[in-house]
Amino acid sequence: MSDPSGAAVASEPEDSDSAGGEARSARREEAADSTAGGEADAAAADSASAAESTNTPTDRERRREVATDRWLGIAGAALALVGLGVLVRQSPLVLAGAVGVGYAVYARAGDAPTPALAVIRSVSDEAPAPGDEVHVTVRAENVGETALPDLRLVDGVPPGLAVVDGPARVATALRPGAAVTFEYTVRAARGDHEWEPLTAITRDAAGARERSTTLDAPTAIACTPELAAGGNLPLRGLTTVHHGRVPTDVGGAGVEFHATREYRRGDPLKRIDWNRRARTGELSTVELREERAATVVLLVDARESAYAAADPDAETAVEASVAAAGQAFSALLDGGDRVGIAALSPLDCWLPPGSGTVHAARGRETLATDPALAPTPSGERFYRSLWLRRFRRRLPADAQVLFFTPLVDDTAATLARRIDAHGHLVTVLSPDPTTAETAGQRLTTFERRGRLRSLRSAGIRALEWGDDSFPVAVAAATRRWSR
Amino acid sequence: MRPLAVIGVLAVAVGLLAALDRGIASAISPTSAVVTLIGVLGVVQGVRYANARRDRRRLLTDPGEPERRAPAAVPGSDLDERIARVASPAPGGYRDRRDLRDRVREVAVDAVARDRNCSPEAAATAVDDGTWTDDPVAAAFFDTRSDYPLRVRLSAGVRGRSNYWYGLRAAIDEIERIQGGAA
């Protein structure tokens, strides 16, 4: 046997039971009445879904049946042995050859069975926090009439989750009524994660034919990170009429000096520049920089190209963007600004600017689980001009845009310029996913740097961050930026 | 193959007849030479059939690696694939080479313009006539009139790579040097 996963990795508890018929009926009773408990195996009994256990097979889709070519050449080897026996006049060799003929016949007989399995998948936590370990238990019962001499089950772990403990698969044999349970642990990551159908591969006893089937057992977890404040975010001077904390170039009431002007009747006494009055005898009024609230839309680049990272196993730029957008979201809301969320993605995602606790919860939900910001690309086509038209229609006239993009292609830079040209102040915040090991990677790095430079020379604020965290990069850049 | 098939059918027919009628069997009384021939034929055919396995791999369903998270794309890895394609000295792929050269040229012009504080047009001229660098390999990458140095051509011939590949690498090294100096 050249089976890489070995023989039964996990076998069901009743396998040692020689009374097959009794065991079968016991298992069926247990399945019909889950409250009886009894000798039910712990993993299945403590899961909530055990109550749903039935003897109806899980919906399945037959995918393909192939000859594995495992015994290919065995007839040739047998014939060669017989020939050799004849050649050297040794009847034992001829007899040994005949044994080979037996194997050839064995390989031809039999057919890969179609599995009739009742699959139940249960997870230890359906709403984990990012980084939490979630235990997944999969139980498959052979509810068909035929035995499955060689069964491999491979679970459809969501592509955005990594298994940290145990393989998400099992190899075993199941007679009718028997069940197998296997467990593994995944590390939760931001997003809605839906399990893909389980793949069942069955073979005949000789392993000559193989059938692959998928079994649908819907399971999902939703992982919503808490929003952490990312310090003080630098916004630009375009603002709403509401009072807030963004310093503007508008003189009026505030705390910071802006200008002095001639006294006009009705100006408050406390704003009169008394020093000047004493010096020159003229009355003048001090204007202070008005502080107003801003309307901000956080735009996250989630096109397929943005799912990039310096290392295939590292977190993608989309994850970095979403995490940073979360920090910006709570920081801006705390400051009294109105914040909205949009995604540059083939899928639609739009949370209009707003404020308040309900809006905060909605924003958190959007950032965590919106399909447009999923941890893996959707695979749909992105139409730039269509997207821009829709985005502009929705964007409030006084809104400024914080654009989170890794800038790995020209589209993002062009869009930033076009949004800016339409009168919305744009700040580009760019997680750096580039690396410089091969010629192609170095060229990409140069091109990205060029894009950042051209954005800056076009008057668009651009900030990039790599290994250092987003708030640190913001703090460093804020010192550099003038208003 | 047809004569062989006819011989095969005849042999089987004779064998069947011999099994039915002992007279025929005793008539062809197999000599040692015939038996040896049969043995040799058996071995040869057997080995031929068994050999069919050699080049065939077992067709097993590959369930993939669901345990791993979907890998992220590394920026530039698609470019590396294109570079690997143009690295072979085989003719063809002109469009790929031209596109790639244009891309590198754009970055080079930008780097030179910033380094020398000159207009993009002047930088483009410098890149096109090879005066943007002291490295003759990098210069030859953009300048179609000058040839690659002999050592590069020899090395390319020995290692089975194209001159283009050497030029591309030298140009990228040179851009990095210029950008590093400018930063």
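Begin by selecting D267(A), which sits in the loop that runs between β13 (254-262) and α5 (274-280) of chain A. The model on screen is a predicted one. With a relative accessibility of 13%, D267(A) counts as buried. Display the residues around it: beyond the neighbours within four places in sequence, D267(A) is in contact with R261(A), E262(A) and T285(A).

Next, select R276(A) and E282(A). These two residues form a salt bridge, and their closest N and O atoms are 3.9 Å apart. R276(A) counts as partly exposed at 28% relative accessibility, and E282(A) is also partly exposed, its relative accessible area being 45%.

Move on to S385(A), which is found in helix α8 of chain A, residues 384-394. S385(A) counts as partly exposed, with 44% relative accessibility.

Now colour the whole of chain A by secondary structure. Chain A has 11 helices and 20 strands. Of its 483 residues, 50% count as buried. Among the contacts in chain A with a separation of 6 or more, 73% come from residues 24 or more positions apart.

The cysteines are the next stop. How many disulfides does a search of the whole structure find? Over all chains, the search finds zero. Select C223(A): this residue is in no disulfide, and the nearest cysteine sulfur, belonging to C349(A), is 17 Å away. C223(A) is buried, with a relative accessible area of 0%. C349(A) is likewise in no disulfide, the nearest cysteine sulfur being that of C223(A) at 17 Å. C349(A) is buried as well, at a relative accessible area of 4%.

Turn to the charged side chains. Side chains of opposite charge can pair when their charged atoms come close. Over all chains, a search of the whole structure finds 33 salt bridges.

In chain B, select D96(B) and R82(B), whose side chains meet in a salt bridge with an N to O distance of 3.7 Å. This pair links distant parts of the chain, since D96(B) lies in helix α5 of chain B and R82(B) in helix α4 of chain B, 14 residues apart. D96(B) is partly exposed, with a relative accessible area of 22%.

Then select R177(B) and E174(B), which form a salt bridge with their closest N and O atoms 2.8 Å apart. Where do these two residues stand along helix α9 of chain B? R177(B) and E174(B) are three residues apart in that helix, and therefore separated by about one helical turn. Is R177(B) buried or exposed? R177(B) counts as exposed at 52% relative accessibility, whereas E174(B) is buried, with a relative accessible area of 7%.

Return to chain A for a network: D150(A), R152(A), R203(A) and E210(A) are joined into one by salt bridges that share partners.

Finish at the interface of the two chains. The contact takes 61 residues from chain A and 47 residues from chain B. The size of an interface is often given as the accessible area lost when the parts come together. Between chain B and chain A, the buried area is about 4500 Å², with carbon and sulfur atoms giving 57% of it. On the chain B side, select E67(B), R69(B) and P75(B): they lose the most area to chain A, together 17% of what that side buries.

Across this interface, the rule finds seven salt bridges. One to display is that of E447(A) with R103(B), where the closest N and O atoms are 2.8 Å apart. Polar contacts between chain B and chain A number 19 residue pairs, with both residues at pLDDT 80 or more.

Now highlight helices α3 (32-51), α4 (77-87), α5 (94-116) and α9 (163-182) of chain B, each of which supplies at least two residues of the side that touches chain A. The largest share of that side, 12 residues, comes from α3(B). Colouring by class shows 23 nonpolar, 10 polar and 14 charged residues on the side of chain B that touches chain A.

How values were computed:
Residues are numbered from 1 along each chain as its sequence is written. Chains are lettered from A and ligands numbered from 1 in the order in which they are written. This is a predicted model: local features need pLDDT of at least 70, side-chain atom pairs count only at pLDDT 80 or more; totals for chains, interfaces and linings use all residues. Side-chain values use heavy atoms; hydrogens and water are left out. Contact means heavy atoms within 4.5 Å. Buried area is the accessible area (1.4 Å probe) that two parts lose on being put together, summed over both. A salt bridge is a side-chain nitrogen of Lys or Arg within 4 Å of a carboxyl oxygen of Asp or Glu. A polar contact is a pair of N or O atoms within 3.5 Å; within protein, one must be able to donate a hydrogen and the other to accept it, and residues adjacent in sequence count only if both atoms are side-chain atoms. Helices (H or I, at least four residues) and strands (E, at least two) are DSSP runs, numbered from the N terminus. Ala, Val, Leu, Ile, Met, Phe, Trp, Tyr, Cys and Pro count as nonpolar, Asp, Glu, Lys and Arg as charged, and the others, Gly among them, as polar. A disulfide is a pair of cysteine sulfur atoms within 2.5 Å. Buried means under 20% relative accessible area, exposed over 50%, partly exposed in between (1.4 Å probe, protein chains only).
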